[in-house]
Amino acid sequence: MTYYFDNSSTTMKKPPEVAEAVYRALRGEELGNPARGSHGPALQALRQTEQVRLKVANFFHLSDSTQVSFTQNATYALNILLKSLLSSGDEIITSRQEHNSVLRPLYQLEKEGVELHFLDVDKDGNVQLEQLDLLVTNHTKAVIINHMSNVTGNVIDLQKVGDFCRQHRLLLIVDAAQSAGTIPIDMEKMGVDALCFTGHKSLYGPQGTGGICINHRNLVLKPVFSGGSGSNSYEKEMPVGLPTIFEPGTLNVPGIVGLGAGLDYVEEKTVPEIQKELSEMTLYFLSSIEMIPGIQIYGMNSQQVQKNPKSHGPIVSLNLEGWNSGDLADVLAQDYGIAVRSGAHCAPLIHEHFQTVKRGMVRFSFSTFNNKEELDYTIKALKELSEE
């Protein structure tokens, strides 16, 4: 048996309906290539793809489902969107808690003349949003920020950032890889212009699914990848309309259908209930381990989380005195059957902030398929290791 606490990497345990949907898509002999023909299987694939596109739009409170483009994951979504949107002379504001899915495309764009400005984080891992006023200039084009840190679990107040962006006429681009499915997101209300998500984490879809949601009618986008689009075949240029501009080639129809089943699972449980369930799980784990001798927790403590549960997601990162994070994760896996993530978590700047570049951290991340018995077993394991 594996006690799986690596859900921020991918939710290994899925609702059975997701696997059944993928299986039916592959075995049903009814799904062709969407938007590539007028025969029955092509039309059926188009219908099912568009149904999931509509589910995604509804999920993020986006009024027009044609503004949803499917991608392989959040990393592809962020790369395509940022390289489509930004050019030399643009200035952007981002934060030191970003994942490399944001940082690396931005560093590529920096070499092409895009100027980057970073919001700091405090001792508890909170992004210093008050620095927005200090970093904005007449050339700032966008704020690009992740909704939930994949290291500390700290959650950004999107409403506050959205209000700032509206006030200064900036675009707000959100990396929702960790938050989608665990925190309610209303793009319209929060002032989010573009949102990138992945399907295989808290939306419980298959790996290889994700997308871009655009909530801005006048956004000027240029193609990053070109290829077959199913329309305008005699033109040399890739069509620039959504969703086609970001969907060259054949879509991952079985994966998208599976994503639709994952969304159904989340919608049935409801995001507020999932948020409440995961928050209670996280608070129980935090309050149980923070008194263990030698444990250092990165991010907010249990009292801070209890005071404002919505400011923290289902992620706890820690180190144990005398242990390298990789060694601790290996012992947890091999001796206790506990699956966690160690190392840098693809978020280098926040490790620089916490001075854990060499040591890394051990990350526990929860899903709706975890339970109290699993947490108690893990808490006991950490107590035993602290006494060695």
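How many bridges join β10 to β13, and do these strands run parallel or antiparallel? Four bridges join the two strands, and their direction is antiparallel. The views below come from a predicted model.

**View 1. Four strands form an open sheet with antiparallel pairing.**
The strand order across the sheet is β9-β10-β13-β12. Strands β9, residues 295-298, and β12, residues 341-343, are the edges, each pairing on one side only. From one strand to the next, the twist averages 30°. Strands of a sheet pair through backbone hydrogen bonds, either parallel or antiparallel.

**View 2. Bridges connect the neighbouring strands of the sheet.**
Strand β10 covers residues 315-320 and is joined to β9 by four bridges, the two running antiparallel. Within this pairing, Ile297 has Leu318 of β10 as its bridge partner. On the pairing of β10 with β13, there are four bridges, and Ile315 stands opposite Ser365 of β13. Strands β12 and β13 also run antiparallel and are joined by three bridges. Here Ser342 has Val362 in β13 as its bridge partner.

**View 3. Strand β13 is covered on both faces.**
Met361, Arg363 and Ser365 are buried on one side of the strand, and Val362 and Phe364 are buried on the other. In a regular strand the side chains alternate between the two faces of the sheet. Because five of the five residues of β13 are buried, the strand is largely enclosed by the rest of the structure. Helix α11, residues 325-336, lies across β10, β12 and β13. The helix runs at about 45° to β13, whose residues are 361-365.

**View 4. A salt bridge joins Asp6 and Arg363.**
The closest N and O atoms of this pair are 3.4 Å apart. Asp6 lies in the loop between β1 (3-4) and α1 (16-27), while Arg363 belongs to strand β13, so the pair ties together parts that are 357 residues apart in sequence. Asp6 and Arg363 are both buried. Side chains of opposite charge can pair when their charged atoms come close. The structure holds 13 salt bridges.

**View 5. A salt bridge joins Arg217 and Asp64.**
Their closest N and O atoms are 2.7 Å apart. The pair links distant parts of the chain, 153 residues apart: Arg217 is in the loop between β8 and α8, and Asp64 is in the loop between α2 (40-59) and β2 (68-71). Arg217 has a relative accessible area of 60% and is therefore exposed.

**View 6. The side chains of Lys123 and Asp124 meet in a salt bridge.**
The N to O distance is 3.2 Å. Lys123 is exposed, at 67% relative accessibility. Asp124, in contrast, is buried, with a relative accessible area of 13%.

**View 7. Thr198 is a buried residue of strand β7.**
Strand β7 consists of residues 194-198. The relative accessible area of Thr198 is 3%, so this residue counts as buried. Leaving aside residues up to four places away in sequence, Thr198 touches Asn73, Ala74, Ala177, Leu203, Thr209 and Gly210.

**View 8. Tyr76, Val224 and Phe225 make a nonpolar surface patch.**
The area of the patch is about 250 Å². One of its members, Val224, is found in the loop between β8 (210-214) and α8 (253-269). Val224 counts as partly exposed because its relative accessibility is 31%.

**View 9. Glu237 sits in the loop between β8 and α8.**
Is Glu237 buried or exposed? At 60% relative accessibility, Glu237 counts as exposed. Glu237 and Pro223 are 14 residues apart along the chain, and their C-alpha atoms are separated by 8.7 Å.

Definitions and conventions:
Residues numbered from 1 in each chain as written. Predicted model: local features only at pLDDT ≥ 70, side-chain atom pairs only at ≥ 80, totals over all residues. Heavy atoms only, no water. Pairing = 2+ DSSP bridges. Axes fitted to C-alpha atoms, helices over the stretch in contact; angles between N-to-C directions. Contact = heavy atoms within 4.5 Å. Patch = residues over 30% accessible without salt bridge, like charges linked within 9 Å, V, L, I, M, F, W, Y side chains within 5 Å. Areas by Shrake-Rupley, 256 points an atom, 1.4 Å probe, with all protein chains shown as cover. Salt bridge = Lys/Arg side-chain N within 4 Å of Asp/Glu carboxyl O. Buried < 20%, exposed > 50% of the residue type's maximum accessible area, 1.4 Å probe, protein only.
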